[in-house]
Amino acid sequence: KPGNCPICHMDLIVVKRTKTTADEILLNDEQIRLGNIQTDTIRNGTIGDKLVLTATLNADESKVNSINARIMGRIDKLYFKNVGDYVQKVTHLYDLYSEELNNTKQEYIAALEKMQILDNSIIDFNRLVQSAKTKLLLWGMSEAQVNELGTTKKSSPLTSFYSNASGYITELPVMEGQYASEGMAIVKLADLSSLWAEAQVYASQLSALDLNGTVIVQVPDLPGKEWKGKI
């Protein structure tokens, strides 16, 4: 009957009789919207298709470059000293003092000078020059550095090394004055233009995970921004 609701004291609304089952509830569109009620057709599947996970942002391992020492020596100077610094390709990375490298530079200069003044028919100085040059290139000197050495005939005790990739420094395991062995990592660079969001999933959740589905990544420090990606 007309009147007020005994609980909230709002005006009662007339509900027209329908042919529906007696225990069903009939709501209009506005009531459904205010009640935040969502309906769906019954079918095979999981109730709720969203899985919220905590993830960490990591570099794409296929875009990580490790720049290693090719010959043993003492790192005299580092030109980048902080993790997170951006390094461009062909940028001066470090200077190395290497006795073996310096000896080979002297051999290269001596072979060039002898080839110019002595009879090449007695000793194949061209072969000696090429052998010394190959060593220098294998040990990390560039073609331009070797050519400059051959032109000036002046050898510095320090050899400069340059980056062969661009990226942000993620690891810097060496310090100035430290001896680097052959193959030792000097710096690791990561291209951060694309990242992996890596999350751990419990075994019990795997059945609910759609490997062909999409994910939405949200970063707490960047409110309001979202990135969509594929699993």
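Trainee: What covers the buried residues of α2?

Mentor: The cover includes β5, α3, α4 and β6 (158-162), and covering here rests on contact, meaning heavy atoms within 4.5 Å. Those elements are DSSP runs numbered from the N terminus: helices are H or I with at least four residues, strands are E with at least two. Keep in mind that this is a predicted model, where local features need pLDDT of at least 70, side-chain atom pairs count only at pLDDT 80 or more, and totals for chains, interfaces and linings use all residues. Residues are numbered from 1 along each chain as its sequence is written, and side-chain values use heavy atoms, without hydrogens and water.

Trainee: Which residues of α2 are the buried ones?

Mentor: Leu-101, Asn-102, Thr-104, Lys-105, Tyr-108, Ile-109, Ala-111 and Leu-112. The cut-offs for relative accessible area are under 20% for buried, over 50% for exposed and in between for partly exposed (1.4 Å probe, protein chains only).

Trainee: How do you know how far α2 reaches against what is expected?

Mentor: Go from the first C-alpha to the last: the 19 residues of α2 reach 27 Å, close to the expected 27 Å. The expected span is 1.5 Å times one less than the number of residues. α3 (residues 125-138) works out too, since its 14 residues reach 20 Å, close to the 20 Å expected.

Trainee: Which residues of α3 are buried, and what makes them line one face?

Mentor: The buried set is Phe-125, Val-129, Ala-132, Lys-133 and Leu-136. Looking down the axis of α3, these buried residues fall within an arc of 100°, so they line one face of the helix. That arc is taken from the directions that run from the helix axis to the C-beta atoms. As background, an α-helix has 3.6 residues a turn, so residues three or four places apart point the same way.

Trainee: What does the face of α3 turned away from its buried side carry?

Mentor: Arg-127 and Leu-138, both exposed. Over the buried residues of α3, the cover includes α2 (99-117) and α4 (143-152). After α3 comes Gly-140, with a positive phi near 110°.

Trainee: Which residues other than glycine have a positive phi?

Mentor: Asn-36 is one, with phi near 55°, and it sits in the loop between α1 (29-34) and β1. At 62%, Asn-36 is exposed. Lys-153 also has a positive phi, about 60°, and lies in the loop between α4 and β6.

Trainee: What is Ser-155 in contact with, neighbours within four places in sequence aside?

Mentor: Lys-105, Gln-106, Ile-109 and Leu-149.

Trainee: What makes Cys-5 and Cys-8 buried or partly exposed?

Mentor: Cys-5 has 16% relative accessibility, so it counts as buried. Cys-8 has 44%, so it is partly exposed.

Trainee: How many cavities of 30 Å³ or more does the structure hold?

Mentor: One. On a 1 Å grid over the protein atoms alone, a cavity is a set of points where a 1.4 Å probe fits but cannot get out; a pocket is an open set with protein on both sides within 12 Å along at least five of seven lines, and lining residues have an atom within 4 Å of a point. The largest cavity has a volume of about 40 Å³, and its lining is Leu-78, Phe-80, Leu-93, Tyr-94, Leu-172, Ile-186 and Val-187. β5 (92-97) and β9 (185-190) each give two or more residues to that lining.

Trainee: And how much space lies in the largest pocket?

Mentor: About 1800 Å³. Its lining has 40 residues, with Leu-51, Thr-214, Val-215, Ile-216 and Ile-231 nearest its centre. The elements giving two or more residues to it are β1 (55-59), β10 (195-199), β11 (214-218) and β12 (226-230).

Technical notes: Grid points are joined across faces, edges and corners, and a volume is the space filled by probe spheres set on the points.
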